[in-house]
Amino acid sequence: MASVELRGVGKSFGNVEVLTGIDLDIADGEFLTLVGASGCGKSTLLRIIAGLETQSTGSVLIGGAPVDHLRPHERRVAMVFQSYALYPHMRVFGNIALPLVMSRLRLFDRLPLLRLLSPRRRRIMPEIAREVRAVAEQLQIGALLDRRPAQLSGGQRQRVALGRAMVRRPAAFLMDEPLSNLDAKLRVHMRSELADLHARLGATFIYVTHDQIEAMTMSNRVAMMDNGVILQLGRPGELYARPASVKVAQFIGTPTINLLPARVNADRNVELFGMPLPIRVRQPAGAALTLGLRPEAIVAAPPGASPRNGQVPLFGRLHRSENLGAEHILHVDLAAPASGTVTCKVQSDPGDVVDSARNLALLFSPAACHVFDADGRRVADTDTAGAAIDAGVPMRAVSP
Amino acid sequence: MSAAMPATAMGTIAPRPRQQRIERFAGLSFVFPAFVLLVVIDIVPLLVLLYLSFTNYELGALSSKFVGLDNFRKTLVDPVFRRSLGNTFVYVAIVLPAAVGLALLVAVLLHGRRRSRSFYEVVYFLPVTSTLIAMATVWQFLLHPSLGPVNGVLRALGFHEIGFLSEPSYVLPTLAAIGVWHLIGFNMVLFLAGLSAIPRDLYEAAEIDGCRSGIDRFLTITWPLLGPTTMFVIVTTSITAFKVFDTVAVMTRGGPMGASEVLLYAIYLEGYQYFHMGYAAALTLVFLVFVLIFSVAQTFALDRRVHY
């Protein structure tokens with residue numbers, strides 16, 4: 001177990017810069033997730049930590065010591081690959097045992113045929129077998145040790161890959177999208193199993209994924225990456241409740257956050273479709289803003305319903321609704337003077353709120369709005385009259 | 001069953017006899033041309049060969065006599081046949097490990113190259129594309145005791161010249177070396193294809209798991225995963241080596257003193273020089289049995305290895 005620190009890590013392939021000045025401190029025993037769209041550099045960063053790729057600038061420290069000059073196996077990290085990368089010609093036992101065989105036996109003890117002559121091998125192999133069995137029992141694959149990877153299901157292969165990582169008691173576990181090859185149901189199951197495993201081992205996990213749900217559900221902290229930089233680093237709840245930029249807001253949360261064009265009016269308040277909202281900002285009057293509104297922070301109501309508790313109404317016409325069982329996703333075309341489409345998530349039947357012309361009202365609390373400036377950065381000092389500023393508690397979407 | 005019953009009763013799902021007959025006929029007529037070709041090209045000649053091997057037929061003779069197993073009995077005592085069979089096995093024993101091992105070495109070395117790879121691929125593949133008979137003539141010149149550049153180099157280095165093709169103990173290794181030269185390119189391409197099929201992930205996983213050196217990587221990943229390719233290469237190489245003929249016919253004609261007599265050349269001599277067609281047919285059958293053994297070995301070995 002050890003901490004992992006990145007100091008100004010950068011990587012470029014020729015003229016293309018894929019990582020720029022990444023600084024990251026990952027505490028001992030932490031579960032940190034690198035999340036981002038494909039091509040954002042998260043896998044490259046993981047491979048640099050593993051030593052499979054060499055950084056162009058900066059330094060990687062594991063357990064406080066620089067490891068830049070060390071080969072992958074000397075860094076004492078274990079990696080779980082997206083494809084699992086199990087050795088197809090070895091049985092499960094051989095797959096899990098390989099890291100130990102490599103570190104404890106000399107080349108002579110591993111050569112085909114000659115190894116049969118090695119007394120050292122005969123002495124060490126039972127120890128290795130004991131440790132492999134112990135790990136396999138922990139992962140409940142003890143009965144599969146004689147199978148080959150091709151005879152295993154996706155979930156079983158996943159466990160073997162985990163076992164191969166665990167058996168060497170690494171300083172850190174590096175995981176590169178380990179769940180993306182599983183079907184949806186198994187993915188949900190393995191998610192909680194991985195979280196359990198992390199709690200049980202107390203080891204440092206660095207986890208790469210493009211799936212924001214995996215990032216939100218398993219990690220202690222999430223680093224959202226885009227274009228080779230870390231956009232925001234924080235607890236999963238923070239990224240959801242206080243996204244530092246439009247990109248983070250768009251990536252975290254399903255359905256995707258609604259982004260509405262707004263501007264600063266003469267009173268330094270946010271003005272949305274000509275309607276002043278009780279949100280004060282420091283931007284100059286007339287400056288363009290983007291207002292982020294989570295679908296689950298919107299309440300759908302009949303067109304005539306009167307807003308309560310300082311809620312602000314938007315009016316529109318129901319374009320399409322998706323029934324998810326427990327909730328409905330409504331796609332609403334806003335009516336003039338507003339324009340655009342807004343998505344909202346409600347728990348009631350859309351039939352209860354629309355009138356005969358499919359018109360309805362969307363109510364939201366100004367406190368639930370995320371305000372971003374023209375560059376997409378979160379406007380730090382918003383001030384809502386009356387309502388609490390803390391947007392950390394998203395409003396539940398309940399129809400009146 | 002119960003679900004199928006009503007459908008059958010209605011006669012909508014089960015094909016009617018007439019329809020069945022038409023389908024059968026169509027199927028057979030599609031198979032027919034291939035079947036005729038197989039019979040004409042493979043089966044009939046094989047039966048003729050089998051028949052000839054039981055006769056004392058000579059090329060051009062008007063009649064022949066059925067001699068039973070006499071031809072096969074003769075192979076057991078014929079010194080020429082025994083020598084050529086022995087020589088053929090020695091030839092295979094040299095060519096097989098060298099052509100497989102060197103091709104694997106070249107393939108592994110080339111696999112890591114990026115820009116120079118295609119250049120070397122062409123260089124190593126050139127002998128495969130050339131006609132061996134023509135190349136044999138070139139080799140004959142290269143290895144000539146007094147005129148050949150190879151001996152020229154040896155002389156310049158202060159060694160005695162070597163009668164590569166005239167010294168009985170050198171002639172088989174020399175022919176084998178030419179055989180290896182001709183085979184490496186093809187085997188290399190097969191190995192390169194096998195190597196590209198190994199996922200890069202595995203090498204990375206192995207690197208993290210502690211495979212430090214190239215030897216570790218080769219023994220842990222490359223060699224086991226090339227198993228099926230290697231098996232295929234071994235079988236095709238041994239069959240090709242077993243069929244050695246061109247170089248012998250052009251360069252040595254079985255000499256000196258029968259030191260390079262090989263199976264196919266012996267068959268050729270018996271059949272087309274001495275016109276002993278019956279005996280040549282028997283020898284050909286023996287040859288086919290050996291090739292069959294190699295092929296069967298391939299089938300079984302490959303079947304056993306398809307577990308991943």
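Predicted model: local features only at pLDDT ≥ 70, side-chain atom pairs only at ≥ 80, totals over all residues.
Let me begin with one residue: Arg169(A) counts as partly exposed, because it has 14 C-beta neighbours inside 10 Å, where a residue is called buried if 20 or more other C-beta atoms lie within 10 Å of its own, exposed if 12 or fewer, and partly exposed in between, with the C-beta atoms placed from the backbone. Arg169(A) sits in the loop between α5 (154-166) and β7 (172-176) of chain A, and its phi is near 45°, a positive value in a residue other than glycine. When I say helix or strand, I mean DSSP runs numbered from the N terminus, with helices being H or I of at least four residues and strands being E of at least two.

Residues are numbered from 1 along each chain as its sequence is written, and chains are lettered from A and ligands numbered from 1 in the order in which they are written.

How confident is the predictor? For the complex, it gives an ipTM of 0.80 and a pTM of 0.78. For single residues there is pLDDT, the predictor's confidence in each residue from 0 to 100, and chain B has a mean pLDDT of 85, with 93% of its residues reaching 70 or more. Within chain B, helix α2 (residues 17-53) has the highest confidence, at a mean of 93, whereas helix α1 (residues 4-10) has the lowest, at 46. Over residues 1-9 of chain B the pLDDT stays under 50, and the model has four contacts beyond four places in sequence for that stretch, a contact being two residues whose C-beta atoms, placed from the backbone, lie within 7 Å.

Let me stay with local backbone features for a moment. Met257(B) also has a positive phi, of about 50°, although it is not a glycine, and it is found in the loop between α12 (246-252) and α13 (263-273) of chain B. Is Met257(B) buried or exposed? With 10 C-beta neighbours inside 10 Å, Met257(B) counts as exposed. Back in chain A, the peptide bond from Thr254(A) to Pro255(A) is cis, with omega near -10°, and Pro255(A) lies in the loop between α9 (246-251) and β11 (258-264) of chain A.

Now to the strands of chain A, where two strands are said to pair if DSSP finds at least two bridges between them. Strand β1 (residues 4-13) and strand β4 (residues 57-62) of chain A run antiparallel and are joined by five bridges, with Glu5(A) standing opposite Leu61(A) in β4(A). On to the next pairing, β4(A) is joined by two bridges to strand β5 (residues 65-66) of chain A, again running antiparallel, and here Ile62(A) stands opposite Ala65(A). These two strands, β4(A) and β5(A), form a hairpin with two residues between them, and Gly63(A) in the turn has a positive phi of about 60°.

Chain A also holds an open sheet of five strands, in the order β15-β19-β16-β17-β18, with antiparallel pairing. Its edges are β15 (298-301) and β18 of chain A, each with a single partner strand, so one side of each is left without a neighbour in the sheet. Even so placed, β18(A) (residues 341-346) is largely enclosed by the rest of the structure, because five of its six residues are buried. Strand β17 (residues 328-334) of chain A pairs with β18(A) over six bridges in the antiparallel sense, with His331(A) opposite Thr343(A) and Val332(A) opposite Val342(A). The hairpin of β17(A) and β18(A) has six residues between the strands, and Gly340(A) in the turn has a positive phi of about 105°.

Finally, the chains together and chain B by itself. Chain B itself is divided into domain 1 (18-53) and domain 2 (74-304), with bounds that come from an automatic or database domain assignment. The C-alpha centres of these two domains of chain B lie 36 Å apart, and their contact takes four residues from domain 1 and six residues from domain 2.
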